[in-house]
Number of protein chains: 2
Amino acid sequence: MDKVKVIEVKESVFADNNAEAERIRRRLKAEKTFLVNLMSSPGAGKTTTLVRTIGDLGDKLRIGIMEADIDSTVDAETIASAGAKAIQIHTGGMCHLDAGMTEQGLDELGADAFDLVVLENVGNLVCPAEFDTGAVKNVAILSVPEGHDKPLKYPLMFQVCHALIINKIDVLPYFDFDMEKVAAYAHMRNPDLELFSVSAKTGEGFQAWENWLLAQARAWNG
Amino acid sequence: MDKVKVIEVKESVFADNNAEAERIRRRLKAEKTFLVNLMSSPGAGKTTTLVRTIGDLGDKLRIGIMEADIDSTVDAETIASAGAKAIQIHTGGMCHLDAGMTEQGLDELGADAFDLVVLENVGNLVCPAEFDTGAVKNVAILSVPEGHDKPLKYPLMFQVCHALIINKIDVLPYFDFDMEKVAAYAHMRNPDLELFSVSAKTGEGFQAWENWLLAQARAWNG
């Protein structure tokens, strides 16, 4: 297994997380680094989605990944095996990352060397949505087995995201998942949400997602 | 749709949540009510598991359900349609329930009229594990599509639970999920964890889970 750097981050000391997040975005703009905050339930497929995205876009963008988890280094090892620079962030039991914790990760990763950095947040549909990490765009993944009612139950996550990836569409025949309903519920929370239906396992639907990501990164990096 | 009672609970004012949880357990013991705190990721199948359990055990136990969510009443409506008394608890955006919030639910439900009360916690593998709700037993559901590595990433959830239900085994052929690994990882966190493999969709494996639940409830209620 690849050795990955593990950093233990501490909860931010900043009183105003939003101001700190704005400061991080100014730094990212100056350094020409596009930061995506990727959120989902546990097991929705964040890491698998990243592995395929790295494989497809690795010749167009320099990509660095920050994997956040309560414990373990399995995701960072998977990403490192896929050929991208990855660090593992341990949150000391915390259910989310704030702006200060994100910046500790950016410093350890050496974010200015990358065109695209993805923060894979702790698997959780509640707490991560409450904290601006300083990312340029928030992206959520909802997987087919979780059910199409999630935007009804976890409103904030869908409100704060710019794009929603519906993953695991390869198993649609085995679940009662209504694509029209999930789109309607998600747009009820956020009419501007971009929607992508994909299978990280088979690659179906990835081109639209990757075109969007590439266009967003290029627009930000100038 | 069935009308369900919705209560908005406030964060507990008690400084010592653990003491409050112990007090609730003494009350439950006196009232002969067995309280289970059911936890999982979003979409792992808590409600579907409860609907089947109510159908199978409804003639042996008087069952009441408390559905906790950030928003929506879809789960409580589903439970009410299955024939059990259900109330919906809204957490005001909070990612978990503490003992005081749980007791507000018990009071609204009229818990002393039931042999078994299940608190369906907010879908989240992190925060709910940090708070003793006053339940007699903690039960977690992990579903096959989430992956067998979850006990590595979310240690506390598996440490605090008495039983772990592996759900959605009907879709095992479509996912890379290793039953031996998940059992090993889970028992690494908690050697005493009872394991049940089920499909809430087909009913496979439910008898062992329901036998355990029934025996636990009868032992507690005396």
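Student: What makes helix H4 of chain A mostly covered or mostly open?

Tutor: Mostly covered: eight of the 11 residues in H4 (residues 99–109) of chain A are buried. Buried means under 20% relative accessible area, exposed over 50%, and partly exposed in between (1.4 Å probe, protein chains only). Helices are DSSP runs of H or I with at least four residues, strands are E runs of at least two, and both are numbered from the N terminus. Note that this is a predicted model: local features need pLDDT of at least 70, side-chain atom pairs count only at pLDDT 80 or more, and totals for chains, interfaces and linings use all residues. Residues are numbered from 1 along each chain as its sequence is written, chains are lettered from A and ligands numbered from 1 in the order written, and side-chain values use heavy atoms, without hydrogens and water.

Student: Which residues of H4(A) are buried, and what covers them?

Tutor: The buried ones are A:Ala99, A:Gly100, A:Met101, A:Thr102, A:Glu103, A:Gly105, A:Leu106 and A:Leu109. Their cover includes helix H1 (17–31) and strands E1 (5–8), E2 (34–40) and E3 (63–69) of chain A, and also E4 (85–90) and E5 (116–120).

Student: How many helices and strands does chain A have, and why is the chain called as compact as a globular protein of its length?

Tutor: Eight helices and eight strands. Buried residues make up 60% of the 222.

Student: Why is B:Val9 called buried?

Tutor: Its relative accessibility is 5%, so B:Val9 counts as buried. B:Val9 sits in the loop between strand E1 (5–8) and helix H1 (17–31) of chain B. Beyond neighbours within four places in sequence, B:Val9 is in contact (heavy atoms within 4.5 Å) with B:Ile89, B:His90, B:Thr91, B:Leu97, B:Met101 and B:Gln104.

Student: How do you know how chains A and B are related?

Tutor: Chain A can be laid on chain B by a turn of 180 degrees and a shift of 0.0 Å along the axis, with an RMSD of 0.0 Å. The two copies are thus related as by a two-fold rotation axis.

Student: Why say that the copies meet through the same surface?

Tutor: Because 100% of the interface residues of chain A are also interface residues in chain B.

Definitions and conventions: Least-squares fit on C-alpha atoms with pLDDT ≥ 70 in both.
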